[in-house]
Amino acid sequence: MVGCDDFKFKERFKAMSPSERLNSVPISMELTYNYCGGEHFSFFFDRLKERRLFGVACPSCKSVYVPPRPFCGSCCVRTSGWVEVGPNGTIEACSEIFLPILDPSTGLQRKVPHTMVLVRLDGTHSCLHHVLHGEETPQIGDRVELLFAETCVGHMKDVLGFRRKESSPDLRREISKESFPSAEPMVVTGQVKIPFSFTMGDVGREFFSQLKNQKLKALQCKRCNEVHLPPTRYCKSCMSQDQSWIDVKPYGLLKGLVYISDKEREGLPREAMGWALVEMEGLKSSFLHYILDRGLKIGDHVKLQFQEHRVGSILDIKGFCR
Ligand SMILES: [Zn+2]
Ligand SMILES: [Zn+2]
């Protein structure tokens, strides 16, 4: 698999001969997804809109975690009970960064130097990692407060970082008795794009290059005699790779057909009337392609027709006619 948006791939694609290009088709797959925040994050972000931070407590060791998590990592029990925490806290670790790092959420370069801190918010037993604003060099144990965005929308970006606070008492709060106050479930919709290059392999290459010469070829298994059309790398019956190419006569029996109405023919070539499933002469398997004539019925003998100009693709076959 090669990323077709990748610069190197584009260069390589340009350098390919036309037949190589046919054997490697760049495809981009777009998948839309809904990511659900679950009960913990839904509640956490919902309160963040009101500039309030909540942690979740372990019923066994009483540790309070921010951001909230469904299980206590120390006791392996389900957490329950919300505790309002912060917005003040204590620096547990800090580092001054002299590298010109890009902020992953904005794509802009962060100030050089800038300070990153690990802060244990009052009332919690876990740390939050964020930027410390201000000029003074911090010390472990310094008191800080959380800096919120001007407008909070219920997103991690509502928290801008920390700033120093001269003195404030470390307050612990009571663990809420009610288990989970309800919140609208948070759902994030996004899209991933997966560019890749689809290649036909050596079997496909041979099959399509023969189509160019108006020859329909199939692979026959030397072990069980099964014939595969379109050809496959392995015999579908016995998984053997030991196969040889055979010629397929361009005639067959119509085993199934679908005629397409004028309204539904979007994307079909002009001459195609629908789809035909044809059992090729001498073969047990059926081959699917366009039907070119109207009025055919199942059991009729049909003939494969090639395009006048062929490039080595499945569309070198025009379809089946009477
Ligand atoms: Zn615990
Ligand atoms: Zn076989």
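Helices here are DSSP runs of H or I with at least four residues, strands are runs of E with at least two, and both are numbered from the N terminus. Keep in mind that this is a predicted model: local features need pLDDT of at least 70, side-chain atom pairs count only at pLDDT 80 or more, and totals for chains, interfaces and linings use all residues. Residues are numbered from 1 along each chain as its sequence is written.

Let's start with the overall picture. The protein has four helices and 18 strands. Of its 322 residues, 20% count as buried, meaning that 20 or more other C-beta atoms, placed from the backbone, lie within 10 Å of the residue's own.

Now look at α4, residues 201-212. At 1.5 Å times one less than its number of residues, this twelve-residue helix should span 16 Å, and its end C-alpha atoms sit 17 Å apart, which agrees. Its buried residues are Phe 207, Phe 208 and Leu 211. Just after α4, Gln 214 takes a positive phi of about 60°.

On to the nonpolar cores, which are sets of buried Ala, Val, Leu, Ile, Met, Phe, Trp, Tyr and Cys residues joined through C-beta atoms within 7 Å. The largest has 27 residues, and Phe 54, Val 85 and Val 119 touch the most other members. Helix α3 (38-48) gives the most to this core, with five residues. Apart from it lies another core of 17 residues, including Tyr 290 and Phe 320.

Definitions and conventions. Chains are lettered from A and ligands numbered from 1 in the order in which they are written. A residue is buried if 20 or more other C-beta atoms lie within 10 Å of its own, exposed if 12 or fewer, and partly exposed in between; C-beta atoms are placed from the backbone.
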